[in-house]
Amino acid sequence: MDLPDVGIPPQLARRMSMAEQHEYLRTKLTRRRTLVTAGAVAGGLLTGCSTDGNGSSPRTAASASATGKTPGSAVVPFGRHLAFGADPRTQMRVSWQVPAAVRKPYVRIGARPDDLGRKTEAEIRALHTPGVTGVRPTLDQYYVHAALDDLLPGTTYYYGVGHDGLDPAAPEHRATIASFRTAPTRPEKFVFTAFGDQGVSKAAAANDDLLLKQNPAFHLHAGDICYADVNGRGEKTDGYDPAYWDLFLKQNEQIARSVPWMVTTGNHDMEAWYSPEGYGGQLARWSLPDSGFDARTAPGVYSFVYGNVGFVALDANDVSYEIPANLGHTGGKQTAWLDDKLGELRKAVDFVVVFFHHCAYSTSSHASDGGVREEWLPLFAKHQVDLVINGHNHVYERTDAIKGGEVGRRVPIGASTDPTRDGIVYVTAGGGGKDLYGFPAGVQESYEGRVRDLDSVDTFQWTKARATKAETVEWSRVRYRGFSLLKVEAESGSAPRLRVSALAQNGERIDHFEVRRGR
């Protein structure tokens, strides 16, 4: 359905950066007291509204909004989600949502569910999104965050969230108590999972169920988180509904309340009104590690170490040729930070895993982003990154080991690869729950139990001119178009390795391979 054309004309939006879109919306639309829902931004960046109307961040404006007119006992927290701090051994961030403003929110934690003796104050970050007549009502959202520091490594903690009028330690709220576990002091075997492009749906919830069965230490989400923005392209039929975030956090609470949910930014996660770079909404909803990069302008850029593996999250909107709304928005600072961070991690851990949204190598609908290749792949090769995980294309696709842009070594299902010799394996894990894509015409799926190897695939990459450049590639080794997730078992000791598996939504394995270094 075409919505009223009350936003940025599509032909104009496609030429505008996020900052230009933000300024346009605030100067043009604020005077009309309306919220654009159609044609607002290139890359699916539709509008929300900063809390105070003057461009202040959600962190600053929230305290003024949380005056608490509803009795605290009637306000029930929901949407709990965890994330590590900079040191997963000693730091955890607990976040949640409340449907109305509350006073003095906090977290209680302890070693037992019946002994939550430690109390930590929390911070409210509010978002106000004006309504559109006949489309949606005005919505106020209140996100709450607590920073838990000085925790003991390798320890299970129980916690409850509350505020004035609602104590999670009270007997009537005992059923809401959840738990988490900090990272161990020394490396030991652990599992993590990953996917991108989740959204809110039965398929997304089913993937959550499968994920929980893997008992991961944490989960990596490679962007396009909930799809409050409908299509991420700047088309006339684009729409934005912030209430999808409420649905998403409720859907994922069963996992994210106990499994740290480490997200990064996709093109559907930029929302123009909240801030010039489009990340004000993300700053309100998530608390992620502080890794020395400016989280105010790129909250999806950070790193952490768990056991013998270093993880790096990147904001691919900064380098994307396909969807250039935020192209170059960090002024090269993210790439410089990446170079330093990879060098630091390479000296400290056995393996380095990088995850971000837009694909470096894929043959599905969005194919490969030339900006990602040009900006980051030389650094991945320089520092011998061990595994790269992307989303964006709603399929599972896995490459051979790629070295210098070509196949360095074939990696059939069940094989082992050495990044120091063979190159890097790239995995597209975009089957998190959103509507699925396919592969080029005539290109068959090929996965465990149904191997259909091809000598080459005709596909394309995006150029800086936002045009497509045809290419014929030999690196597409595994292809699966169903919902799926990635499961990685990390082992340390005398023979460290990453055992990588892909699981279809019914739990059947569709791919597996190993990464070993220098052996």
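Helices (H or I, at least four residues) and strands (E, at least two) are DSSP runs, numbered from the N terminus. This is a predicted model, in which local features need pLDDT of at least 70 and side-chain atom pairs count only at pLDDT 80 or more, while totals for chains, interfaces and linings use all residues. Residues are numbered from 1 along each chain as its sequence is written, and side-chain values use heavy atoms, with hydrogens and water left out.

**Cavity and pocket**

- On a 1 Å grid over the protein atoms alone, a cavity is a set of points where a 1.4 Å probe fits but cannot get out, a pocket is an open set with protein on both sides within 12 Å along at least five of seven lines, and lining residues have an atom within 4 Å of a point.
- The largest cavity holds about 30 Å³ of space, and H5 (243–256) gives the most to the lining of this cavity, with 5 residues.
- Among the residues lining the largest cavity are Arg-80, His-81, Glu-253, Trp-261 and Trp-286.
- The largest pocket has a volume of about 390 Å³, and of its 19 lining residues Arg-181, Asn-215, Pro-216, Ala-217 and Tyr-306 lie nearest its centre.
- Strand E8 (178–181) and strand E9 (190–195) each supply at least two residues of the lining of the largest pocket, with E8 giving the most, 3 residues.

**Nonpolar cores**

- A nonpolar core is a set of buried Ala, Val, Leu, Ile, Met, Phe, Trp, Tyr and Cys residues joined through side-chain atoms within 4.5 Å, where buried means under 20% relative accessible area, exposed over 50% and partly exposed in between (1.4 Å probe, protein chains only).
- The largest core has 88 residues, of which Phe-218, Leu-220, Phe-311 and Ile-389 touch the most other members.
- A second, separate core of 33 residues includes Phe-293, Leu-338, Tyr-361 and Leu-379.

**Helix H7**

- Helix H7 (residues 333–346) has 14 residues and reaches 20 Å from its first C-alpha to its last, close to the 20 Å expected at 1.5 Å a residue, the expected span being 1.5 Å times one less than the number of residues.
- The buried residues of H7 include Trp-337, Leu-338, Leu-342 and Leu-345.

**Pro-496**

- Pro-496 lies in the loop between strand E25 (484–491) and strand E26 (497–504), and Pro-496 is buried, with a relative accessible area of 8%.
- Pro-496 and Arg-517 are 21 residues apart in sequence and 7.9 Å apart in space, C-alpha to C-alpha.

Terms used: Grid points are joined across faces, edges and corners, and a volume is the space filled by probe spheres set on the points.
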